[in-house]
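Please look over the sequence and the structure first.

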Amino acid sequence: PTPSPTPTPTATSTPMPTPTSARPSPTSTAAPISVPNTYATYEDHSFGFSLRYPKEWNVVESPGGPPQLAFMSGPKVGTDTPIQGVVSLVYNTDILSADAVADGLLPQFVDRDGFRTLEERDVKLLGGETAFQIAYQWRTAKGIRQGLMQTSVRGSQTFLLLLEAPQEDFRANTQDIQATYSSFRPQEPRP
């Protein structure tokens, strides 16, 4: 038998998939969530914002400077770690969108063990303003923790709401968390 010649390879164009980001794409704008009448109200006239939150949550103000509030609640599920959160005011040198600010803040979280974003979305607040939220989670020695970051921009000011908890507590308190975030309202400062 005569050996057949080896075919010569020919170059062909094979489409390659475009790499995609590991982060989810923002979904459509979510409508505001109603806030129960039983919620307490925090107002800061100097920096111009108000926020409603469950009465059971403790609020602690940082003295002087731009406001930073700390929120803590007792657990509603069987863990000993409370839900913890902050509201901070940050001044930007440039005028940025709420999602651009959130994207700029996210890198400080990604070095957490097993960190991943769960959802990104624009949200409508009760006052009609738009904010941007990123839900995320990561692993700790005590289990999975979950967090929610919300940014709201007014001119050069960015209001950052950040709340984190053990995943079980976070899920058990999702309605309170979303209602608190939805109630955030930037207002004109009144010294």
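Arg154 touches Phe47, Gly48, Phe159, Pro186, Gln187, Glu188 and Pro189, not counting residues up to four places away in sequence; contact means heavy atoms within 4.5 Å. This is a predicted model, in which local features need pLDDT of at least 70, side-chain atom pairs count only at pLDDT 80 or more, and totals for chains, interfaces and linings use all residues. Residues are numbered from 1 along each chain as its sequence is written, and side-chain values use heavy atoms, with hydrogens and water left out.

**Arg154**
- Arg154 counts as buried because its relative accessibility is 19% (buried: under 20% relative accessible area, 1.4 Å probe, protein chains only).
- Strand β9, residues 143-154, contains Arg154 (strands are DSSP E runs of at least two residues, and helices H or I runs of at least four, numbered from the N terminus).

**Nonpolar cores**
- In the largest nonpolar core, which has 22 residues, Leu163, Ile177 and Phe184 touch the most other members (a core is a set of buried Ala, Val, Leu, Ile, Met, Phe, Trp, Tyr and Cys residues joined through side-chain atoms within 4.5 Å).
- β10 gives this core its largest share, 4 residues.
- A second, separate core of 12 residues includes Leu106, Phe115, Met149 and Leu162.

**Aromatic rings**
- There are 7 aromatic pairs (rings of Phe, Tyr and Trp, the last by its six-membered ring, with centres within 6.5 Å; planes under 30 degrees apart are stacked, over 60 edge-to-face, the rest tilted).
- The ring centres of Phe115 and Tyr136 are 5.6 Å apart and the planes are at 35°, so this pair is tilted.
- Phe115 and Tyr136 are both buried.

Key
Buried < 20%, exposed > 50% of the residue type's maximum accessible area, 1.4 Å probe, protein only.
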